[in-house]
Amino acid sequence: MSDKVFICRCEDLTEEEIKQAIDEGYTTLEELKCKLRLGMGPCQGRGCLSLARRILCQKTDKTTEEITLPPSRPPVIPVSLGTLASDEK
Ligand code: FES
């Protein structure tokens, strides 16, 4: 059995990978998103950004208020291309 702790299940990112990136100097969620694709999976970060923010707080001695969440861009829920292309309202 593996002792890996997956933080972002959509992008298969482990706690260790996130901590390593923070040690390399990526100290905001936006930077972690760019480096690791954190929060860019199908759930758009609903399952991982708050966990990653907690790790960032622990590693950088910042409060949760000091670490802002990356801006969410619409659509905030998955929408099929068929729905977007449809004339139905
Ligand atoms: S768990 Fe990270 S994007 Fe879904």
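This is a predicted model: local features need pLDDT of at least 70, side-chain atom pairs count only at pLDDT 80 or more; totals for chains, interfaces and linings use all residues.
**Overall dimensions and burial**

- The radius of gyration of the protein chain is 15 Å, whereas a compact globule of 89 residues would have a value near 12 Å.
- Along the principal axes, the C-alpha atoms of the protein chain fill a box of roughly 50 × 35 × 20 Å.
- Of the 89 residues in the protein chain, 15% are buried.
- Among contacts in the protein chain with a separation of 6 or more, 49% are between residues 24 or more positions apart.

**Packing of H1 with H3**

- Helix H1 spans residues 15-23 and helix H3 spans residues 49-60; the two pack with their axes 10 Å apart, at an angle of about 45 degrees.
- The crossing of H1 and H3 is right-handed.
- On the H1 side, the contact is formed by Glu15, Ile18, Lys19 and Ile22; on the H3 side, Ala52, Ile55, Leu56, Lys59 and Thr60 meet them.
- Classified by residue type, this contact of H1 with H3 comprises five nonpolar, one polar and three charged residues.

**Packing of H1 with H2**

- Helix H2 covers residues 29-36, and H1 packs with H2 at an angle of about 115 degrees, the axes being 11 Å apart.
- Because angles of 65 to 115 degrees count as roughly perpendicular, H1 and H2 are assigned to that class.
- The crossing of H1 and H2 is right-handed.
- Glu17, Ile18 and Ala21 in H1 meet Leu32, Lys35 and Leu36 in H2.
- The contact of H1 with H2 divides into four nonpolar residues, no polar residues and two charged residues.

**H1 in the two contacts**

- Ile18 of H1 takes part in the contact with H3, and Ile18 is also among the H1 residues that meet H2.
- Glu15, Lys19 and Ile22 are listed for H1 in the contact with H3, while Glu17 and Ala21 are listed for H1 in the contact with H2.

Notes. Residues are numbered from 1 along each chain as its sequence is written. Axes are lines fitted to C-alpha atoms, for helices over the stretch in contact, and angles run from 0 to 180 degrees between N-to-C directions. Helices (H or I, at least four residues) and strands (E, at least two) are DSSP runs, numbered from the N terminus. A crossing is left-handed if the near helix is turned anticlockwise from the far one by less than a right angle, and right-handed if clockwise. Two residues are in contact if their C-beta atoms, placed from the backbone, lie within 7 Å. Ala, Val, Leu, Ile, Met, Phe, Trp, Tyr, Cys and Pro count as nonpolar, Asp, Glu, Lys and Arg as charged, and the others, Gly among them, as polar. The radius of gyration is taken over C-alpha atoms; the globule rule is 2.2 Å times the number of residues to the power 0.38. A residue is buried if 20 or more other C-beta atoms lie within 10 Å of its own, exposed if 12 or fewer, and partly exposed in between; C-beta atoms are placed from the backbone. Angles under 35 degrees count as roughly parallel, over 145 as roughly antiparallel, 65 to 115 as roughly perpendicular and the rest as oblique.
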